[in-house]
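Biologist: I would like to learn how to read a few features of a model with you. Shall we take them one at a time?

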Amino acid sequence: MNQTSETPLLPGMKPVLELLRTDPQRIDLVFCKKGLRTRDAQDVQQLCRQSGVRFSLVDQAALDRLCREAAQQNGNDAAPLNHQGVVARLTATDFRDLADVLQAAAEAPLPLVVALDQVQDPGNVGTLCRTLYALGGAGVILPRHNSAYLGPAAHRAAAGALERLPVARVTNLAHALDEAEEAGFSIYGAGCGPDAADAFEHAMQLPAVLVLGNEDKGLRPGVAKRCGRMLRIPLARKFDSLNVAQAGAILLSLAAMRRQG
């Protein structure tokens, strides 16, 4: 667990159960005590499964630490460790529907949406959002599972862009790309395979979705199949790679330059 005292946390069995029942979209992840077999604990995990909310089984010490951090957020360092075996990590971003993100392209100076396929680093996500917003992009799509937590680190790197860009969190990214294509978007992926086109020579046809992959593994095969064309950045010198934020910034800049030209 990589938490900070700035991460919004909600400890306690009853508060977490209530939020899972009424507004599960506000929950990013639920930490549950290992071995806890009470009816309420079972209900928490069942509601997580039904709502698509991730949960993680952790030990008592980890929950105690999270509970202390939650108390510090509320200015009460002396609060008792009353988590009852459950602490929820809340979202720090107001997520929108996929349709809202696609609709935003109609009014954006640059009708381009960025989809992030399991990008893990919050700093990379925040930096990409900052670049996308500055260049006039429309919004962001990311999968619900195995994506970076859009908490304080991502918001700091975004420098206000995450508050201004619509962000959709989807259960199945491949299906979301299918919907975007049906709505008239061209789908492009960033890659370096033999079939990838030179990004300096091939302009993206807008409106478009640009899909950027995981820092180590790139795009998953099922997501890559949805991309009508893969784009590679030709490097003038032999070099391992660019990170996802750097590669994304180059591809976004190319799209913006051609749009203005």
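Biologist: Leaving aside its neighbours within four places in sequence, which residues is L252 in contact with?

Modeller: First, a word on the source: this is a predicted model, where local features need pLDDT of at least 70 and side-chain atom pairs count only at pLDDT 80 or more, while totals for chains, interfaces and linings use all residues. Residues are numbered from 1 along each chain as its sequence is written, and side-chain values use heavy atoms, with hydrogens and water left out. Contact means heavy atoms within 4.5 Å. With neighbours within four places set aside, L252 touches L110, L112, V114, L128, T131, L132, L135 and L210.

Biologist: Where does L252 sit, and is L252 buried or exposed?

Modeller: L252 belongs to helix α10; helices (H or I, at least four residues) and strands (E, at least two) are DSSP runs, numbered from the N terminus. L252 counts as buried because its relative accessibility is 0%, buried being under 20% relative accessible area, exposed over 50% and partly exposed in between (1.4 Å probe, protein chains only). Its C-alpha is 11 Å from that of V209, 43 residues away in sequence.

Biologist: How many cavities of 30 Å³ or more are there?

Modeller: Rolling a probe the size of a water molecule over the atoms shows where empty space is left. A cavity is a set of points, on a 1 Å grid over the protein atoms alone, where a 1.4 Å probe fits but cannot get out; lining residues have an atom within 4 Å of a point. Points are joined across faces, edges and corners, and a volume is the space filled by probe spheres set on them. The count here is three cavities of 30 Å³ or more. The largest holds about 80 Å³, and of its 13 lining residues, D28, F95, A148, L150 and R169 are the closest to its centre.

Biologist: What lines the second largest cavity?

Modeller: That cavity, of about 40 Å³, is lined by A199, H202, M204, L231, L251, L254, A255 and R258. Helix α10 (residues 244-260) gives the largest share, four residues.

Key:
1 Å grid on protein atoms, 1.4 Å probe; cavity = no way out; pocket = protein on both sides within 12 Å on 5 of 7 lines; lining within 4 Å.
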